[in-house]
Amino acid sequence: MNSGERIPVRKTGSRKYSYGSKAGTEIEMEQEELLMKKRWTYLLAALALTVGMCAVEPLAGVAAALEADAEGFVAGSCFLTAYPEDPHKGEADSFGEDLAGAGVVVDLYQVARAVKTPGYDTCHYELSSVYDSLDISGDEGQESADWKVLAQQAAAIALDGNAPDTPVEGSGASAGTRIENLDAGLYLLVARGGSMSAIADYRTEIRQKDELTGEESTRIATIANSGQYTYAFLPQLVSLPTKPADENGVISTSNPGEWNFDMEVNLKPERLNRYGSLEIIKTLSEYETMGGVQESATFVFEVTGILNEETVYSNVESITFTAAGQERVVLDRIPAMAEVTVREVYSGSSYQLTVPGDRTATIAAGAVVSVEFENEYDGRRTNGHGIKNQFVYDEAGGWNWYSIPAQDAPGNQGEPGQ
């Protein structure tokens with residue numbers, strides 16, 4: 001190499017590595033290399049990505065030493081398979097067929113390329129321009145970056161509703177599908193419902209408590225829905241390739257052993273109940289009058305919800321009329337997929353159902369399902385009225401009795417909240 005020949009400059013995103021000319025700058029180049037190696041050492045010692053809501057498991061037998069391509073990046077293709085949950089979970093802890101029916105797909109966002117470190121069987125990262133604000137070296141005095149925090153920061157960039165990043169080719173595949181031909185590097189893994197194409201549909205926030213400190217924080221999460229549950233996933237950073245786990249189960253690029261280019265990831269979703277609403281529609285075709293004076297008529301309904309052979313909802317509701325017509329009441333927060341039975345247990349003192357019998361419906365998540373009753377005047381004049389009773393349990397005071405309208409009887413508390 002001639003004394004005036006310049007070493008090629010490579011720029012990835014906004015991170016630039018340039019050592020100037022060979023002559024007259026050897027000392028500066030060596031100092032720069034030492035500084036970079038120190039920074040790489042912090043990074044390599046830190047890269048343990050088995051925290052949060054996914055676990056990385058390298059596939060046995062798919063391993064090799066690192067080599068560099070013509071541009072200095074780690075050569076070779078990587079592969080990643082992300083399962084909705086650990087397939088080795090016990091049956092009691094597994095979400096099983098319900099999670100499988102949620103249609104989970106996986107998106108990958110390339111945060112950085114892996115660069116082969118000359119003279120070492122190791123690598124460092126060059127951040128893409130989109131994620132250039134991430135500090136993957138960790139704070140001064142710390143041995144590692146906080147990968148949970150970095151994953152959240154990367155997710156905020158990738159899932160920015162105004163200017164989102166574009167997932168890599170092969171994204172959008174069903175969970176459990178092997179994504180092939182990935183460049184070596186650092187990826188943000190995002191799991192979501194396959195039917196949710198807009199970020200606003202699957203991005204959400206959840207509250208989590210730190211098991212060590214007890215502090216709560218709000219985190220970006222993504223969701224997939226089954227008919228009964230919402231599954232929430234924390235976005236995660238995954239390193240490709242990686243090393244085998246150490247004796248503590250920690251996967252780090254600084255571990256001994258060969259590099260694994262084919263990875264399996266077991267997602268760890270949180271499961272949340274979904275709810276729907278029930279609307280009871282009552283039609284009164286004719287109204288009782290006594291000498292031209294109309295008195296209120298109350299109809300009482302008993303509602304029972306059964307899910308997986310267990311009672312998950314039980315309530316009594318009423319509808320009161322002061323004239324012929326139609327009235328309705330909506331009951332909220334009934335577990336989704338519950339089979340509800342609505343029975344009219346009191347039809348007023350002078351009315352009867354036009355179509356006798358109970359009404360049934362299946363609660364749909366995020367929707368309102370309806371059942372209808374119609375009553376007609378039976379010709380009797382009994383001056384009847386109705387009272388709605390509620391029994392509410394209070395941990396401090398036990399069971400309390402409320403009634404609408406309030407009854408003048410021992411133990412009655414009147415309407416709740418008064």
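Rings of Phe, Tyr and Trp (for Trp, the six-membered ring) pair if their centres lie within 6.5 Å; planes under 30 degrees apart count as stacked, over 60 as edge-to-face, and the rest as tilted. By this rule the count here comes to six aromatic pairs. Before you start clicking, know that this is a predicted model, where local features need pLDDT of at least 70 and side-chain atom pairs count only at pLDDT 80 or more, while totals for chains, interfaces and linings use all residues. Residues are numbered from 1 along each chain as its sequence is written, and side-chain values use heavy atoms, with hydrogens and water left out.

**Stop 1: the rings**

Select F299 and F321. Their ring centres are 5.7 Å apart and their planes stand at 90 degrees, so this pair is edge-to-face. Now colour by strand: F299 is in β21 and F321 in β22, so you are looking at a link between distant parts of the chain, 22 residues apart. Strands here are DSSP runs (E, at least two residues), numbered from the N terminus.

Buried means under 20% relative accessible area, exposed means over 50%, and partly exposed is in between (1.4 Å probe, protein chains only).

**Stop 2: the cores**

Keep Y377 in view for the next idea. A nonpolar core is a set of buried Ala, Val, Leu, Ile, Met, Phe, Trp, Tyr and Cys residues joined through side-chain atoms within 4.5 Å. The largest one has 60 residues, and those with the most contacts inside it are L80, L108, L182, L188, L189 and L237. Strand β6 gives this core its largest share, seven residues. There is also a second, separate core of 26 residues, which includes Y377 along with L307, V340 and V371.

**Stop 3: the charged pairs**

Time for salt bridges, each one a side-chain nitrogen of Lys or Arg within 4 Å of a carboxyl oxygen of Asp or Glu. The structure holds nine of them.

Pick R113 and D183, whose closest N and O atoms are 3.8 Å apart. Which parts of the chain does this pair tie together? R113 lies in strand β6 (residues 104-116) and D183 in the loop between β9 (178-182) and β10 (185-193), so the bridge joins parts that are 70 residues apart in sequence. R113 is buried at 18% relative accessibility, whereas D183 is partly exposed at 36%.

Next, select R178 and E180. Their side chains meet in a salt bridge of 3.3 Å, N to O. Both R178, at 36%, and E180, at 41%, are partly exposed. Bring in D262 too, and you have a network of salt bridges linking R178, E180 and D262.

While R178 is selected, show F79. R178 lies over the face of that ring, at 4.0 Å from the ring centre. For a charge to sit over a ring, NZ of Lys or CZ of Arg must be within 6 Å of the ring centre and within 35 degrees of the ring normal. K89 does this with F95, its charged end being 4.6 Å from the ring's centre.

One more bridge: E216 with R207, where the closest N and O atoms are 3.2 Å apart. E216 is partly exposed at 48%, and R207 is exposed at 52%.

**Stop 4: the cysteines**

How many disulfides are there? The count comes to zero, a disulfide being a pair of cysteine sulfur atoms within 2.5 Å. Select C78: its closest cysteine sulfur is in C123, 9.6 Å away, which is too far for a bond. C78 is buried at 0%, and C123 is buried at 4%.

**Stop 5: the backbone**

Hide the side chains and go to L240 and P241. The peptide bond between them is cis, with omega near -5 degrees. P241 sits in the loop between β14 (236-240) and β15 (259-260).

Move on to E309, in the loop between β21 (297-307) and β22 (310-321). Its phi is near 65 degrees, a positive value in a residue other than glycine. E309 is exposed, at 79% relative accessibility.

Key: Helix = DSSP H or I, 4+ residues; strand = E, 2+ residues; numbered from the N terminus.
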